[in-house]
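Here's a quick tour of the model, from the overall fold down to a few side-chain pairs. Have a look first, then read on.

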Amino acid sequence: IVDNITEATERTTFADSRITHGRELAARPLEGQQMNLVDAVRGAESALNQAAALLDAVDNAANNIRRAIDALPAAIADTKSGIAQAEELQRQGSVPRADELTKAHDRAAAAVADAERVGPTDPLTAFTHLATADAELDKLLAAVREEKDAAERRARALDQAIATARQKVNGVNQYIGLHRGAVGSAARGYIAEAERSIATAE
């Protein structure tokens, strides 16, 4: 992009020389010169098309830079929010994919620092790097939350199952207490095994 204007100027100069040459050929038409005239016109058209493409790239880059300048403050704030969420999860301990989360957190923090440092001079690069790091962190945060929620649901289900089993065992123990003579040793053994299993699950 830096050299585009210089290159566009060179192509425009070449196109001008081709046009001048074409006019000279057209002013003094000679037999067998028609192909030279066509070549001069085509050369001028090609050079002008290339110059236009180079200048369009400059315009597009300028638009992208302006958008990056406008979007950079919000992108920094959004990434800092994701970083804070990652740190909160890390403080809670027992986080799924903890190593991946730490690496994504560190990359996002580095991208924020770079954006704040180079944003004023190279906003497009700063925004691009920041957006990449933020997207990676957001994706990982969503995955961690999903896995954490699933683990919590499993824990609640286990607690409910243990409570139900404990209630049933207590009911059987009460029955045994009231009808000692009617309950054999095998049944008592099963109850004892059930109590050990519940204790292990707890």
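One cut-off before we start: a residue is buried under 20% relative accessible area, exposed over 50%, and partly exposed in between. Leu124, with a relative accessible area of 31%, is therefore partly exposed.

## Overall layout

Keep in mind that this is a predicted model. The protein chain has 5 helices and 0 strands, so reading from the N terminus you get α-α-α-α-α.

Of its 202 residues, 24% count as buried. The accessible surface comes to about 13,300 Å², and carbon and sulfur atoms make up 55% of that. As for contacts with a separation of 6 or more, 74% are between residues 24 or more positions apart.

## The nonpolar core

The largest nonpolar core has 20 residues, and the members touching the most others are Leu101, Leu130 and Leu137. Two or more residues each come from helix 2 (34-92), helix 3 (98-118) and helix 4 (123-178). Helix 4 gives the most, with 7 residues.

Which residues does Leu101 contact, leaving aside neighbours within four places in sequence? They are Ala86, Leu89, Gln90, Val95, Leu137, Leu140 and Leu141. As a general point, nonpolar side chains in soluble globular proteins tend to be buried together.

Leu124 is the partly exposed residue from the opening, and it lies in helix 4.

## Salt bridges

In general, side chains of opposite charge can pair when their charged atoms come close. The structure holds 6 salt bridges.

Glu88 and Arg91 meet at 2.9 Å, N to O; they are 3 residues apart in helix 2, which means a separation of about one helical turn. Glu88 is partly exposed at 37% relative accessibility, while Arg91 is exposed at 60%. Arg117 and Asp114 also pair up, with their closest N and O atoms 2.9 Å apart, and they too are 3 residues apart, this time in helix 3, so about one helical turn separates them. Arg117 is exposed at 58%, and Asp114 is partly exposed at 35%.

Arg107 and Glu136 form a salt bridge as well, with the closest N and O atoms 2.4 Å apart. That pair links distant parts of the chain, with Arg107 in helix 3 and Glu136 in helix 4, 29 residues apart. Both ends are partly exposed: Arg107 at 41% and Glu136 at 31%. Finally, Arg97, Glu100 and Glu147 are joined in a salt-bridge network.

Definitions and conventions:
Residues are numbered from 1 along each chain as its sequence is written. This is a predicted model: local features need pLDDT of at least 70, side-chain atom pairs count only at pLDDT 80 or more; totals for chains, interfaces and linings use all residues. Side-chain values use heavy atoms; hydrogens and water are left out. A nonpolar core is a set of buried Ala, Val, Leu, Ile, Met, Phe, Trp, Tyr and Cys residues joined through side-chain atoms within 4.5 Å. Buried means under 20% relative accessible area, exposed over 50%, partly exposed in between (1.4 Å probe, protein chains only). Helices (H or I, at least four residues) and strands (E, at least two) are DSSP runs, numbered from the N terminus. Contact means heavy atoms within 4.5 Å. Accessible areas come from the Shrake-Rupley method with a 1.4 Å probe; for residues, only the protein chains shown count as cover. A salt bridge is a side-chain nitrogen of Lys or Arg within 4 Å of a carboxyl oxygen of Asp or Glu.
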